[in-house]
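Thanks for coming. Please have the structure open while I talk.

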Amino acid sequence: MNVRLYAERPLYPLFGLLSSLLIAITGLLAAPHENCILFLGSVWVVFFVFGCRRACLAVIPYAAVLCAVFSGITYAVSRDGISSYAAVNRILAVSIAVIPGLAVSPVQMVRNFSMLKIPRIITLGMMITLNFFPLLGNEIRQVRKAMKTRGADSMASPRIFYRAFFIPLVVRLVNISDTLALSVQTRGFTSGSSAHSVYKPVRVRFTDVAFILLILGLCAGTVFL
Amino acid sequence: MCRYGILMKAVEFINVTFSYEGSGAAVLDTASFCAEYNQLTVLAGFSGAGKSTVLSLIAGIIPNEVSGNMCGEILIAGENVRGKQLRGLCRKVGIVLQNAELQIIHPYVEDEIAFGCENCNFSPALIEECVLYSCSTMKLNPAWETGTLSGGQKQRLITAAVLAMKQKIIVLDEPLANLDRDGTLLLMTELRKLAECGYAVLIVEHRLDMVLPFVDTVWDIRSGKLFRVENKMEYLKSHAGCITDTCVQKTTDDVLFSLEHVGLTAAKRQILKDITFSIRKGERVLLLGENGCGKTTLLRLLARLSMPTKGKIIQYLDTSFGQNRKGSRRWFSEVGVVYQNPANQLFMPTVMQEIAYGAESEQYAREIMHLFRVEHLAERHPQSLSEGQKRRVTIASVAASNPRVFLLDEPTVGQDYSGLQEMISILNRLHEENGNTMITVTHDLRCAEAVCDHAVYIINGFVAEEGGKELVRRYFTKDDIRH
C-alpha cells in the first residue's frame, strides 16, 4: 500500500473499479485506431481532474519505460509502425486502468463493499492481499540477508540455496498468516454474516456520478465513433 | 469474591487440567488462579511453563482454534467459558498477541483501531469516541500512517485497537519483548491507569524488572500449577537481578573497526547521521539507545549487509577484505551475525546439521551443542523449536563457525531468567576462550552490564556518549544522560 498515492477526495470505489474495467477493455479494443491515443489522454486528464493527481503522475515513468520496451520489440519483430502504435496504446490503457486502484485506499474499498453486502471474507481478504505484497518483498530481502550471514547464498550449492531461501521464507509466511488470522478473529472479525458496522460510510456523491458518466461517454464515443 | 456487591474476579480458573491434542503431557495440572478487576496482574514463569496456554484459554483461542483436552472450570466475568465461541468471548476479553507488527492491516492508525469496533457493530459516533479515547490513552495520533510507526508505537497501536472494543478484561502476551526503556515505561504506565479505571489487566512477561513496579499481583506458573507470589520484591530478586559480569577483560589496544562520520539514509529518512567511534580487538561493545535510534542499522553496516551513504567504516580484521565492500562468504565466516528474528537463519533438517553447517568439524559442532545445552534437541527440526530455543540454536550455529567478530541483535529476547543467565555465561565463555570481539544490541537491563566493556549511546543517529558499565547503569536508571 502506497499511502502517498491515495486521492485527497477519493472516488467512489465501485465506480473506480468499473472505470478501470471499461478503460482497459476500450483501450485494448481500440488500440490500433488513431483516436485511441486521444481517448487515453482524455481519460488520464479526467482522473487528474477528479483528484487522482499523484497516482496519475506516478504511472508515467513506468508507462514510458514499458511503452518504449514493448513498442521496440513489436517494431523489431513486425517492422510495422501501426503495430508498434497499438502496442503503446495497450500499455497505456493498462497503465491508466491501474490509476483508480492506486488512488483508492483499500479501507475505502472494503467499507464500500461492506455497505453493498459483499461477504466480509472477500473484502477483508482483498485488503490483506493488497497488504501482503510489500510484506512479502520485505520478508524476501530479510531472508536473503540472513542467507548471506550463514554463507548459504551461493548458487554453487543449489540444494543449500534452496533450503536456506525457501524454508525460512515459507515458515515466516505461515507464521505471519497464522498471527494475522488469529489477530483479526480476536478483534471480533467473523467470516459469517454477523452484524457489523461501517465507521466512515462511503456514499455516492454528485462528483462520482459526473466522473462515471464522463468515463462512460468517452468509452462509448471511442467505440462508436 | 464480591466487594459491595460488585464482581471482583474477572478471570477464575478452578482446578483446570489441560493438555494439547496429541500430547500426553499436561500443561496445566489442577491449576487454580484468578485475576481481578481494578488490578494489574502479571503471570511469570520459565519458558514453556504454560503462560501463553493460560492466555489462550482465557481468550478462547483454546479450544476454538487450537484443540486440547480440558477439565475443570474457567470463569470469565463470572461466566463459564465451556462451549463459548471465540466471537462471543472476544467481546469480553481483549487479547494483545505477540508480534504487533504482523497484526496491522490498515494504512492509518484510526482505521486500525476502528476495525474491532466495526466488527462489534458499534455506531459510527461510538467508534469515533472509542478511537479518540484509545489514541489519547496510548499516546497515538489517529492520522499517523501505520507503516511509519516504530516498534513501540506498533505495540501501543495493537493495544489501543483492543482497548477500543471496550472489553473490561485485557490480556497481553509479552508486550515488552522489543520495547526500549521509554516505550516500556509508557506502556506500563498506561496499563496501570487502565487497572485503576476498573479494568482487569493480565500480562505475561519475562522482563519482571520493568513490570513489577507497576503490578498489584504476581502469579508464578510451575509444573502445571499457578502460585500467587506473596513477596514481590523477593520474587523480583530471584527472577530479575542484574547478572554479574565474571568475564576477564580481553580488550587490546589494536583498533578493529574505525567509524568516521558514518551516515545512512534510506527511503528519504536519515537513520544514521554522524557516527564516529572505534572498536578495539577483543572488546565487548554494547550499543545503547531508544527504539529507532539506528542501533540495528549500525550493526548491519558493521556486518557489511548494507553500505553507509556517508562517511566510512575502516576494518582492520584482514587487509584482503578491503574497505567499503559488501560482505563475502569468507567475510561472514569471520564476522558472525545473529539476527533479531532467529528463524530466518535456520534452514537445515536437524539441529545437529544446522550447527555442523558452519563448524570446522563435527567434533567442534558437538562441543558447541554441549556448551549451549541443546544436545537433547539434536534430531529436532530447527523450525519446530520454541522461539527461545530457536534463538539459542541460531547463536550456537553462528558460534560454531568460530567468528572473530560476533554481532548480536537482541540475543536474549524470549529467554526466561535462567535461560538468560545461561546465555550470557555461554557468550562470555566463548569470548574468553576465543578472544572474539562482541558487539551487542539489547534493551535488557538484567544482562546489559554483563556483556559490556565499552558502551556506545546513540541518540537520533549520533553518538551521544561513550563509556563503560557506569554509562549502562546511568542509561537504565537515570534520565539525565539524555540531556
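Let me begin with what covers the buried residues of α15 in chain B: the list includes α9 (232–240), β15 (284–288), α14 (387–399), β19 (437–441) and α16 (445–448), again of chain B. Keep in mind that this is a predicted model.

Which residues of α15(B) are buried? They are B:Tyr417, B:Gly419, B:Leu420, B:Met423, B:Ile424, B:Leu427, B:Leu430 and B:His431. Looking down the axis of α15(B), you find its buried residues within an arc of 160 degrees, so they line one face of the helix. On the face turned away from that buried side, α15(B) carries the exposed residues B:Ser418 and B:Glu433.

Now a check on the length. Helix α15(B) covers residues 417–434, which is 18 residues, and at 1.5 Å a residue it should span 26 Å. The C-alpha atoms at its ends are 26 Å apart, which agrees. Just after α15(B) comes B:Gly435, with a positive phi of about 65 degrees.

Next, the strands of chain B. An open sheet is formed by four strands in the order β4-β3-β6-β7 (chain B), with antiparallel pairing. Which strands stand at the edges? Those are β4 (28–36) and β7 (79–80) of chain B; each has a single partner strand, so one side of each is left without a neighbour in the sheet. Strand β3 (residues 9–20) of chain B is joined to strand β6 (residues 68–76) of chain B by eight bridges, and the two run antiparallel. To find your place there, look for B:Thr17, which stands opposite B:Cys71 in β6(B).

Further along is a hairpin, made by β20(B) and β21(B) with two residues between them. In the turn, B:Asn460 has a positive phi of about 45 degrees. The strands, residues 454–459 and residues 462–467 of chain B, pair in the antiparallel sense over five bridges. Here B:Tyr457 has B:Glu465 in β21(B) as its bridge partner.

Last, the chains together. How many residues does each chain put into the contact? Chain B gives 48 residues and chain A gives 41 residues. On the side of chain B that touches chain A, α4(B) gives the most, with seven residues. By class, that side of chain B has 27 nonpolar, 14 polar and seven charged residues.

As for chain A, its domain assignment gives domain 1 (3–108 + 203–224) and domain 2 (120–186). Taken over C-alpha atoms, the centres of these two domains of chain A are separated by 33 Å.

Key: Residues are numbered from 1 along each chain as its sequence is written. Chains are lettered from A and ligands numbered from 1 in the order in which they are written. This is a predicted model: local features need pLDDT of at least 70, side-chain atom pairs count only at pLDDT 80 or more; totals for chains, interfaces and linings use all residues. Two strands pair if DSSP finds at least two bridges between them. Two residues are in contact if their C-beta atoms, placed from the backbone, lie within 7 Å. Ala, Val, Leu, Ile, Met, Phe, Trp, Tyr, Cys and Pro count as nonpolar, Asp, Glu, Lys and Arg as charged, and the others, Gly among them, as polar. The expected span of a helix is 1.5 Å times one less than its number of residues. A residue is buried if 20 or more other C-beta atoms lie within 10 Å of its own, exposed if 12 or fewer, and partly exposed in between; C-beta atoms are placed from the backbone. The arc is that of the directions from the helix axis to the C-beta atoms. Domain bounds come from an automatic or database domain assignment.
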